[in-house]
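Dear colleague,

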Amino acid sequence: YLGAAPAGPAGTGKTETTKDLAKNLARQCIVYNCSDGVTYKMMEKFFLGLIQTGAWTCLDEFNRINIEVLSVIAAQLNEIRLALMSQQQKFTFQTIPDVPIRDTYGVFITMNP
């Protein structure tokens with residue numbers, strides 16, 4: 001229920017496979033095309049919506065995000081992971097208290113070499 005990181009060369013269907021898996025499990029999957037313009041605040045707002053709805057996301061081209069931002073995103077994802085693993089109903093996310101969390105949330109990342 002936490003997600004995965006499909007690997008492979010460009011154009012081999014990593015994103016499509018993730019979307020198909022979500023569809024077959026009756027989960028909403030939102031594909032987010034990452035770029036060097038992504039900020040940690042943008043991702044915080046994005047994750048807030050996802051964890052409250054229990055949707056999946058596919059962070060496509062994850063390796064395009066700046067390394068400084070990636071470290072904060074990793075911390076954000078770890079907060080979510082810890083809340084899911086401890087089966088909390090609400091948790092504090094990035095100083096925002098009492099955020100409801102649904103255990104159907106999942107995050108998948110794809111990267112191109």
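Both faces of strand E3 (residues 56–60) are covered, with Trp-56, Cys-58 and Asp-60 buried on one side and Thr-57 and Leu-59 buried on the other; five of its five residues are buried, where buried means under 20% relative accessible area, exposed over 50% and partly exposed in between, with a 1.4 Å probe and protein chains only. Helices (H or I, at least four residues) and strands (E, at least two) are DSSP runs, numbered from the N terminus. This is a predicted model, in which local features need pLDDT of at least 70 and side-chain atom pairs count only at pLDDT 80 or more, while totals for chains, interfaces and linings use all residues. Residues are numbered from 1 along each chain as its sequence is written, and side-chain values use heavy atoms, with hydrogens and water left out.

E3 pairs in the parallel sense with strand E2 (residues 29–33) over five bridges, pairing requiring that DSSP finds at least two bridges between two strands, and Cys-58 is the bridge partner of Val-31. From E2 the chain crosses through helix H2 (residues 40–53) to E3 in a right-handed β-α-β crossover, that is, clockwise from the first strand over the helix to the second with the strands pointing away from the viewer. E3 also runs parallel to strand E6 (residues 106–109), joined by four bridges, and there Thr-57 has Val-107 as its bridge partner.

The structure holds zero disulfides, a disulfide being a pair of cysteine sulfur atoms within 2.5 Å. The closest cysteine sulfur to that of Cys-29 is in Cys-58, 5.7 Å away, which is too far for a bond. Cys-58 counts as buried because its relative accessibility is 0%.

Best regards
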